[in-house]
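This briefing covers a single model, sorted by topic. It begins with strand pairing and then moves to helices, side chains and backbone.

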Amino acid sequence: MSAGLVVALVDPGTLVARDVRAVLSERALPVKTLHLFHTSGGGSGFLSRDEDEAAYVAPLEPDSLETCQVAFLCGARAAAARFLSGRTDRRCLVLDLSGLTEGGDFATVDAPLPAGDVFLLHDPTALVLARCLRALAPLGEVRHAAAVVDRPCSELGKDALDELFQQAISLASFRSLPKKTLHGQLAFNVLQPPDSAEFERRVRADVARLLGGGPPLSVLSSRAGVFHGHLVRLVVSLTEAAPPAAALLGALTSSAEPFSSASGSGQGPVECAGRDDVLVLRAESEGTELRLALAFDHLRGPGAVEAVRLAERAVAERGLLAEA
């Protein structure tokens, strides 16, 4: 097919870039050419394996996106910030998946798109919480919500996943544990990482932005010794008596939001890996409280899928395909 977009994927070796690549192949965004760039420094490119073929990954320079219509930044926040501050061309639509909070406009598929050329994605946990609270709004006025979040090792990238695996092997064989990346024993353990307060503030701020304020929200997080999949336990306190659990589950699964019932199935975060929807593992009500347990793949639904859907909308609304 001759018609199509020139798309850039920055830092294609990251976990989220892998999922962006997969979602691009699954959905309708017409990609004619895919350019690969890296932000690892050094000023030179390298060959990488790409779908069983060698692919050249070029260094990301200020003018690298001049021939592209859409770009996905999938590396570290600091590298993304440096590039955006020095880029020389503003015609390419840039979608940031690094977690930046400045340098662009926050965007979500649930609202009108901003007019700028840089879209910032909300934190995946915040996006799931906001969509959950929005779906529950018809059940009653919310006095307060509290979320406990287990963050997986995959948030830290491939090196952390490899080290967690090696820790598990070392424990089984009574050897000393590698701690270069995780800075502690995460295997069969739960840690309180130094960025916990920053993460919790970001989630609260993003939920408030997504809901236009919303109810008071408390967030408490930790790093769980699991490879992949977030687990969120959410208690929503209403001003009046809570409806039955069936109404709670129905409000989620019948909404426009991507929630699927797995209540009573005995499943956990592992089962959400590779899925675009959010698994509702528990849905109960008691007194004025709604109690939920949710599991989701932060790299897929609220990550790569959200980014590609934003790109699809922007391409259609701005006529970018006609310009390609």
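Leu279 has Ala295 in S15 as its bridge partner. The model is a predicted one. The pairing of S14 with S15 is antiparallel and comprises seven bridges, with S14 covering residues 278-286 and S15 covering residues 289-296. These strands belong to an open sheet of seven strands with mixed pairing, in the order S10-S11-S9-S12-S15-S14-S13.

**Sheet edges**

- Strand S10 (190-191) and strand S13 (259-261) stand at the edges; each has a single partner strand, so one side of each has no neighbour in the sheet.
- In general, strands of a sheet pair through backbone hydrogen bonds, and the pairing is either parallel or antiparallel.

**Helices on the sheet**

- Helix H5 (residues 196-211) packs on the sheet and touches strand S9 (142-151) and strand S11 (217-224).
- The direction of H5 makes about 140° with that of S11.
- Helix H6 (residues 245-253) also packs on the sheet, where it touches S13, S14 and S15.
- The direction of H6 makes about 150° with that of S14.

**Strand S11 and its partners**

- S11 pairs with S9 in the parallel sense, over seven bridges.
- Within this pairing, Val219 in S11 has Ala147 opposite.
- S11 is joined to S10 by two bridges, and these two strands run antiparallel.
- Arg223 in S11 has Leu191 opposite.
- S11 is largely enclosed by the rest of the structure because six of its eight residues are buried.

**Cysteines**

- How many disulfides does the structure hold? The count is zero.
- Cys68 is buried, and its relative accessible area is 4%.
- For Cys272, the closest cysteine sulfur is in Cys153, and the 15 Å between the two sulfur atoms is too far for a bond.
- Cys272 counts as buried, with 0% relative accessibility.

**Aromatic rings and charges**

- The structure holds zero aromatic pairs.
- Two phenylalanine rings do have an arginine over them: Phe199 has Arg151, and Phe106 has Arg209.
- The charged end of Arg151 is 4.0 Å from the centre of the Phe199 ring.
- Arg209 lies over the face of Phe106, at 3.8 Å from the ring centre.

- Where is His183 placed? His183 is in the loop between helix H4 (158-172) and S10.
- Phi of His183 is near 60°, which is a positive value in a residue other than glycine.
- Is His183 buried or exposed? His183 is exposed, with a relative accessible area of 68%.
- Phe188 is likewise placed in the loop between H4 and S10.
- Phe188 is not a glycine, yet its phi is positive, at about 55°.
- Phe188 counts as exposed, at 68% relative accessibility.

Methods
Residues numbered from 1 in each chain as written. Predicted model: local features only at pLDDT ≥ 70, side-chain atom pairs only at ≥ 80, totals over all residues. Heavy atoms only, no water. Disulfide = S-S within 2.5 Å. Buried < 20%, exposed > 50% of the residue type's maximum accessible area, 1.4 Å probe, protein only. Phe/Tyr/Trp six-rings, centres within 6.5 Å; stacked < 30°, edge-to-face > 60°. Lys NZ or Arg CZ within 6 Å of the ring centre and 35° of its normal. Pairing = 2+ DSSP bridges. Helix = DSSP H or I, 4+ residues; strand = E, 2+ residues; numbered from the N terminus. Contact = heavy atoms within 4.5 Å. Axes fitted to C-alpha atoms, helices over the stretch in contact; angles between N-to-C directions.
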